[in-house]
Amino acid sequence: MKLILLGAPGAGKGTQATKIADRYGIVHISTGDIFRANIKAGTKIGLLAKSYTERGELVPDEVTVDIVKDRLTWDDCKNGYLLDGFPRNLFQAKELDTFAEIDGVVNINIDHKLLMDRLCGRRVCRECGESYHVSTLNGRTTCERCGGELYQRKDDNPETVDARLAVYNEQTAPLIDYYTEKGIILNFTGSEAPADVLFEEIKTVLDRLK
Ligand code: AP5
Ligand code: MG
């Protein structure tokens, strides 16, 4: 199964991606995670991506498209994959059409009023990537799952979240129509449902697609 996960920043793409990838044995490819790993390692791509991600802007298309195009040639993609955060504009979507055939686009709709609090309150484990909301941590600074240190992403601050939402509205939201016209969009609502409940809904639909 070859899938795309679409949704605003904080809609829950990463949270659902882990669950979907586990259930269907497909590889989770997050362009945001790839950029953060490159920034941490101080690579050339990381140096370039740093300024864009910290401002909440898109990393230039030619860099991003090349990364994904190469990543999809790896052996682990043979059983299928889940693209989280790519494509993010029409140019990227049209490029993707030239080197991949996508079976379904999981689109998580969410009330944008919820996103500022979700993102600014998010803490992420440096080791395993698990996310938490600060309101549930009771002062804890380590991960419940693996004991790793929790940190706040540099782009999870009010100013950058505003910029990320504006980019989503202008550049990414039009992809909903693009994939609706192709007949492969699968719409879900992520506003009220806890992550596990939303996953059950997604699973019911994806089981029919297998
Ligand atoms: P990226 O890392 O993709 O960030 P994003 O799209 O802004 O999305 P997030 O990862 O912040 O949110 P999410 O939807 O994964 O939500 P999560 O599951 O964590 O991109 C970062 C940057 O990289 C971009 O700004 C850009 O600069 C660059 N970039 C990436 N891709 C690019 C591309 N294709 N082209 C160019 N540039 C690119 O959930 C959020 C929080 O909510 C968590 O704390 C979670 O625990 C909680 N939560 C999740 N689900 C629920 C629920 N159902 N109920 C309650 N809480 C929930
Ligand atoms: Mg994410």
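Predicted model: local features only at pLDDT ≥ 70, side-chain atom pairs only at ≥ 80, totals over all residues.
Residues are numbered from 1 along each chain as its sequence is written, chains are lettered from A and ligands numbered from 1 in the order in which they are written, and side-chain values use heavy atoms, with hydrogens and water left out.

Back to the ligand. A polar backbone atom of E57 is 2.5 Å from an oxygen atom of ligand 1. R164 comes in with its side chain: one of its polar atoms there lies 2.7 Å from a ligand 1 oxygen. And how much of ligand 1 does the protein cover? On its own the ligand has 1000 Å² of accessible area, and the protein covers 90% of that; those areas come from the Shrake-Rupley method with a 1.4 Å probe, and for residues only the protein chains shown count as cover.

Now the shell. There are 32 residues around ligand 1, and T15, E57, R88, R122 and R164 come nearest, where being near takes a heavy atom within 4 Å. By class that's twelve nonpolar, eleven polar and nine charged. Nonpolar here is Ala, Val, Leu, Ile, Met, Phe, Trp, Tyr, Cys and Pro, charged is Asp, Glu, Lys and Arg, and the others, Gly among them, are polar.

Which elements supply at least two shell residues each? That's α1 (13-24), α2 (31-41), α6 (115-120) and β6 (131-133), and α2 gives the largest share, four residues. Helices (H or I, at least four residues) and strands (E, at least two) are DSSP runs, numbered from the N terminus.

Why does ligand 1 lie between the two domains? Because domain 1 (2-110 + 156-206) and domain 2 (122-155) both give residues to its shell; the bounds come from an automatic or database domain assignment.

On to the sheets. One is open, with five strands pairing in parallel in the order β2-β3-β1-β4-β8; to pair, two strands need at least two bridges found by DSSP. β2 (27-30) and β8 (185-189) are at the edges with a single partner strand each, so one side of each has no neighbour in the sheet. Inside it, β1 (residues 2-7) and β4 (residues 104-109) pair over five bridges, and G7 stands opposite I108 in β4.

The other open sheet is antiparallel, three strands ordered β6-β5-β7. Two bridges join β5 (residues 122-125) to β7, with C125 partnered by L150.

The F86 to P87 peptide bond is cis, omega near -5°, and P87 is in the loop between β3 (81-84) and α5 (90-99). N138, in the loop between β6 and β7, has a positive phi, near 50°, without being a glycine.

Notes
Polar contact = N/O pair within 3.5 Å; in protein donor to acceptor, adjacent residues only side chain to side chain.
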